[in-house]
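I opened this notebook to record what I looked up in one structure, entry by entry.

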Amino acid sequence: MYLRPFGLRELPFSLTPDTAFFFAHHGAQAALNTLLVSLRSGEGFVKIVAEVGCGKTLLCRRLIAALAAESETAYVPNPSMDARTMLLAVCDELDIEIDSTESAHRIVKELKRVLLGHARAGRRVVLIIDEAQSIPDETIEALRLMS
């Protein structure tokens, strides 16, 4: 329906943002640069706020692509979960194999072991949380303690 009339080579409006279509207008490029400088200088937490539909998810995906060669990244697109489940999600994103029935203590211990291993190897680990406004307070506190 869209391809021939508009001379397109592929279907537009996919469900997930495609970083190939990232348009680096002044605001988007400034946000990406701010994130990169902040992360590379060791900032603990960085927050991007914008209206719905402004491209925050695309910015997250573009950031992951930009960090690929220098950092381990974990991306959580829907963080509306309890602290234990969030830790399991982070483990999953970092390819940490852990039984989901393990205690919270064991999950944190394994996550800490892997994070320290990355630190010793000189690899930064970046957790990107999209839609972070929906994180329960208990989960925010668990993430803060993990940092």
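**Entry 1: the model.** I note at the outset that this is a predicted model.

**Entry 2: the largest nonpolar core.** I asked which members of the largest nonpolar core touch the most other members. Within this set of 16 residues, they are Met86, Leu94, Ile96 and Leu111. I then recorded the elements that give two or more residues to this core: strand 1 (71–76), helix 4 (83–93) and helix 5 (104–120). Helix 4 contributes the most, with six residues.

**Entry 3: leucine 94.** I looked up what leucine 94 is in contact with, leaving aside its neighbours within four places in sequence. The contacts are Glu72, Thr73, Ala74, Leu111, Leu115 and Val125.

**Entry 4: helix 3.** Helix 3 comprises twelve residues, 56–67. From its first C-alpha to its last I read 16 Å, close to the 16 Å expected at 1.5 Å a residue. Which residues of helix 3 are buried? I listed Leu58, Leu59, Cys60, Leu63 and Leu67. The buried residues of this helix pack against helix 2 (26–40), strand 1 and strand 2 (124–129).

**Entry 5: the surface patch.** I found a nonpolar patch on the surface, formed by Tyr2, Leu3, Phe6, Leu8, Leu11 and Phe13. Together these residues have about 650 Å² of accessible area. I located leucine 11 in the loop between helix 1 (3–6) and helix 2. Leucine 11 counts as exposed because its relative accessibility is 59%, and the cut-off for exposed is over 50%.

**Entry 6: histidine 118.** Histidine 118 lies in helix 5. Is histidine 118 buried or exposed? Its relative accessibility is 19%, so histidine 118 counts as buried; the cut-off is under 20%. Not counting residues up to four places away in sequence, histidine 118 touches Glu72, Arg123 and Val125. I note that Glu72 and Val125 are also listed among the contacts of leucine 94.

**Entry 7: histidine 105.** I placed histidine 105 in helix 5. At 57% relative accessibility, histidine 105 counts as exposed.

Note on methods: Residues numbered from 1 in each chain as written. Predicted model: local features only at pLDDT ≥ 70, side-chain atom pairs only at ≥ 80, totals over all residues. Heavy atoms only, no water. Core = buried A, V, L, I, M, F, W, Y, C linked by side-chain atoms within 4.5 Å. Buried < 20%, exposed > 50% of the residue type's maximum accessible area, 1.4 Å probe, protein only. Helix = DSSP H or I, 4+ residues; strand = E, 2+ residues; numbered from the N terminus. Contact = heavy atoms within 4.5 Å. Expected span 1.5 Å × (residues − 1). Patch = residues over 30% accessible without salt bridge, like charges linked within 9 Å, V, L, I, M, F, W, Y side chains within 5 Å. Areas by Shrake-Rupley, 256 points an atom, 1.4 Å probe, with all protein chains shown as cover. Salt bridge = Lys/Arg side-chain N within 4 Å of Asp/Glu carboxyl O.
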